[in-house]
Amino acid sequence: MPARKVSQASPPSHAQAIAPPAGTPPPNTGAWGEIIVKGARTHNLRNLSLRIPRGRFVVFTGVSGSGKTSLVFDTIHAEGRRQYMESLSVRSRQWFGQMERPDVDYIQGLSPVIAVEQRTSAGANPRSTVATITETADYARLLWALAGEQRCPEDGGRILRKTLDDCLAQIRALPHGSRLILLAPFMRARPAILRDELQRLQLRGYQRVRINGEIRNLEDNDILPHGRDEVDVEIVIDRITLDANQGSRLADSLELAFREGKNRAMVQWIPPGASPAPEKTDAPPLPPATLNLALDHACERCGATYDTLTPRHFSHNHPDGACPACSGLGRTLAFQPALVVPNPALSIKDGAIKPWRLGSKRMLNARSSLLRQLATQVPFNLETPWQQLPEATRTLLLHGDASRIFSLRPHGRQKTVAAPFDGILADLAHTARETTSDSLRARLLAYQTASPCPVCSGHRLKPRSLAVSLNGLNFAQFLALPASEAAGFIEGLSSNPAVTQAEDARRGLAERLRFLEKTGLGYLALDREFGTLSGGETQRVRLATQLGLALVGVTYVLDEPSIGLHPADHQRLLNTLLDLRDRGNTLLVIEHDEATIRAADQIIEIGPEAGKHGGQLIYQGPPPRNPAPPQAATTTAPAAPVPPPQTPASQSRTLAYLDGTAKIQKNAPDRLPDGRWLTVHDASENNLRHLTARFPIGLLTVICGVSGSGKSTLVNDILAAAAAREINGAKLVPGRHNGITGLGHFAHFALVDQTPIGTSPRSTPATYTGLFDELRSLYAAAPLAKIRGYGPARFSHNVRGGRCERCAGDGHIALDMQFLGEITAPCPSCQGARYNRETLEIRHRGLNIAEVLALTVAEAQEFFRNHPKLQLRLGTLSQVGLGYLQLGQPADTLSGGEAQRLKLTHELARSTRNGPALYILDEPTTGLHWDDIQRLLDLLLRLRDAGNTLLVIEHHRDLVRAADWLLELGPGGGSAGGNLIYEGPPASLANTRHTPTGKFLNPPSHPLST
């Protein structure tokens, strides 16, 4: 799947881009009309012209790099966005002169276009969650604010809203004849501040106050205690005996108490007949009872008052709701025991506590002295390996013991002091917080990870907000539910009387949750951070948001929405797409998934090959149908006939795979386990249910299962993190498990996932793979470069000197369009070349460095055919199906699948290293056509035959069936997953058909040939 590239063609004229030339026939006037594209030349499109039916579900397919994205996103969507921007004010259009226009003669019949792209979400704002993106949180906040049961976070008492009459009735309910003292909370402050305030109270006519529970006369001298401790002061408003004749006086006094106490008051009362003071009787007095009163919202037990709840109180992005300790992030940096003691085989004397060896000489001596003193008092041996110390001793050293007092002599002092030991982790936290050395603070970061906030326990909200519940769940507990469970919970609220006043909010929330289920995301927790989603999940979350908008007559552009979906989940996604179509919208979908292609109204294949050998219309027409094609739940659009094929199907590679004439072949023999296993014991992270999983060493193993079943948790969060830590020395903390055996078989480890290779446009395939170093050395050796004294650094767009300083080597300028977001335009100085004029004067075989970076991998292979070092790296890029990528393509334009294959290329270039390696891949078929999957499979089998072990998380049926060994997790997603439901060869699973994956393996639509 090609990503967006910088076009080298000159932009069309303004007249060309806006309207068709004179004499152009009108568009189809049928029920739906057509989108007419004439002369598209963006990137590798070869003057492409076609008619796309409107109001239909149209799939664009073809091999990676054939031009699908160039046509759909860089031409159709770009022109739709440009036409929309033309409708805005002159001020908003002032940047249009700098915006690149799509290279097309004209596009006619285009309705407003909305792009739902497959973009990697890594690096997204950690405050963005599934709930906030889909507006689920907005409805939920309103629901909890209106219908939630409020409790006091201090004592759990109900928070009720009372009026003055309610408070009077509460007082009159006391025993008749009780003696009352009405108090108004005044101030809590130090005595030095209170002296002036008490004088002002006396001038206002008050005679008595209660100070720290004792009533004093303001005329007395020295009524305030000495010292600096803060003191509680209440004003004595009135002393009265509860009697039927005192009703008016009681109401006036209580109103005054509320006014002075800012809606709070206290009533100290003594039952009739009780002695108020010890000097009047020999019997001990009955302590007066206190009745706390408050207007508005107040706790019925302690009287604490609270503001009226608003939706802001449930937002972790607003000061009213965000936890003050973590500012609503839910996490704080904390030192981890596994990182603080990375090698438990070492003793404390040999440096087991690694970060305690950082700092000044004085600090190191103080810590050594402290350890020696603790060793004699705990006691323990400083020369005993850490792992052999008793568990209680290790816990005391790391976390301290506040209940135990040690006799410690601070370093440099003669006297000993009796003090508790706070622990190594607390000492490190204090050092990181108080040190003035930025270098030390930065080095200590390596031993810290983001941990749940100790104040809010990771819930992001203040205690006041967390104390509000609805049917037994507070707001954070509700957001922690998977979308499917949350939907059931909200449906159950329909019978709750408290929700009646917020029924609109409940219905809106239920609708948003149903949209998530429709797109196959029912397993996602609502509080899942948006930045942790895969590219496919990101796109489907945005798709669920679009469903909530209920737009009509829109052209939706989607980029492989099925990515990351198990075949069992495809039906719900297809129903969603068909529902969008049936509302009267047009769907233009780039897709390789078989089920999605068969469900489309029409397929358009671009090809036949990638790069300069692509960009042509190979086939346009209806796809071959399954016996029972999926249909949307409801159909509102009139049936319109699908146009007959406009091009012959003889060159179509997609149709060849769909009808079975072409097949994915496993060009290597199957292998069985040889008795060596890599085993994860008792994994319990996230939804894993104390799972023990075995992976055969030396084989290609596929881990499959429905979305949310626990595959990524087991393989990435536990196994990959543990392998990176043990083999590569990475400072990672694996998820919860009880040990991993078998890692000793590997000399190297590599995780090849879909995280971006870089977020800066200055990061490119050439820089990531090491090609750029060879290219810079090559240009530095040019005769003119030697004459001018240019070194390799001169040809780096990341270094001052040779790069264009106006764009700092980015090649473009970012333009802030306010509510329209940020857009980019080519740098007006270098026109996207990244370099200054002097650098571009250096040429190799007629091309300067910018022109070489604009070459595709395939073109560069031909250009540098006499350079073995460059050929080696370029050849590995071609092997993984990236021959269409430009060498200088910005990393932030690459898809997740492209980034993953680049990482695989990087590992292949290092495959000559000694010893077997463990490779973990996360859905490597993302964005690949069947032809590209064949090349990928051949590459993986070559790695296997070289003695390496490959673990692949995958949904694609052909790669699943080509594996040597298969593990399936499930049977469902979220709380219904986390179990190992199959282990063995794929053929056995296909024959049993008793698991979600087994049902889709047999019978296959196009049998795998071995």
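**Entry 1: helix 23**

I began with helix 23, where L771, F772, L775, R776, L778, Y779 and A780 are buried. I am working on a predicted model. Helix 23 spans residues 771-780, and seven of its 10 residues are buried, so the rest of the structure largely encloses it.

What covers those buried residues? I found helix 22 (765-769), helix 24 (783-788) and helix 28 (868-879) among the covering elements. Strand 33 (843-844), strand 34 (847-848) and helix 26 (849-853) are also included.

I then looked at F772 and R776. The charged end of R776 sits over the ring of F772, at 5.6 Å from the ring centre.

I noted another arginine over a ring. R845 lies over the face of F863, 4.5 Å from the ring centre.

**Entry 2: the whole chain**

I stepped back for the overall numbers. The protein chain has 1010 residues, and 53% of them count as buried. I count 33 helices and 38 strands in its secondary structure.

The accessible surface comes to about 43800 Å². Carbon and sulfur atoms own 50% of that surface.

I also checked how far along the chain the contacts reach. Taking contacts with a separation of 6 or more, 71% are between residues 24 or more positions apart.

**Entry 3: aromatic pairs**

How many aromatic pairs are there? I get 10 aromatic pairs. W144 and F475 form one that is edge-to-face, with 5.8 Å centre to centre and 80° between the planes. This pair links distant parts of the chain, since W144 is in helix 4 (residues 136-147) and F475 is in helix 14 (residues 475-479), 331 residues apart.

Are W144 and F475 buried or exposed? W144 has a relative accessible area of 0%, so I call it buried. F475 is buried too, at 2%.

Y790 and F795 form another edge-to-face pair, at 6.4 Å centre to centre and 75° between the planes. Both Y790 and F795 are buried.

Next I went to strand 35 (residues 917-922). Six of its six residues are buried, and I note the strand as mostly covered.

Which way do the residues point? A917, Y919 and L921 point one way, while L918, I920 and D922 point the other way. All of these are buried, D922 included. In a regular strand, side chains alternate between the two faces of the sheet.

I checked both pairings of strand 35 that I had on my list. Strand 30 (residues 748-752) runs parallel to strand 35 and is joined to it by five bridges. F749 stands opposite L918 in strand 35.

Strand 36 (residues 949-953) also runs parallel to strand 35, again with five bridges. Here V952 of strand 36 is the bridge partner of L921. The chain gets from strand 35 to strand 36 through helix 30 (residues 930-945), and this β-α-β crossover is right-handed.

**Entry 4: T949**

Which residues does T949 contact, leaving aside neighbours within four places in sequence? I listed P696, I697, G698, L699 and F746, together with A917, L918 and Y919. A917, L918 and Y919 belong to the residues I noted in strand 35.

I turned to an open sheet of three strands, with order 7-14-15 and antiparallel pairing. Strand 7 (159-162) and strand 15 (305-306) stand at the edges, each with a single partner strand, so one side of each lacks a neighbour in the sheet.

Four bridges join strand 7 to strand 14 (residues 296-299). Within this pairing I find R161 opposite H297 of strand 14.

**Entry 5: N343**

My last stop was a loop residue. N343 lies between helix 8 (337-340) and helix 9 (361-377). Its relative accessible area is 35%, so N343 is partly exposed.

I also looked up K354, which is 11 residues from N343 along the chain. Their C-alpha atoms are separated by 8.8 Å.

Methods
Residues numbered from 1 in each chain as written. Predicted model: local features only at pLDDT ≥ 70, side-chain atom pairs only at ≥ 80, totals over all residues. Heavy atoms only, no water. Phe/Tyr/Trp six-rings, centres within 6.5 Å; stacked < 30°, edge-to-face > 60°. Helix = DSSP H or I, 4+ residues; strand = E, 2+ residues; numbered from the N terminus. Buried < 20%, exposed > 50% of the residue type's maximum accessible area, 1.4 Å probe, protein only. Lys NZ or Arg CZ within 6 Å of the ring centre and 35° of its normal. Contact = heavy atoms within 4.5 Å. Areas by Shrake-Rupley, 256 points an atom, 1.4 Å probe, with all protein chains shown as cover. Pairing = 2+ DSSP bridges. Right-handed = clockwise from strand over helix to strand, strands pointing away.
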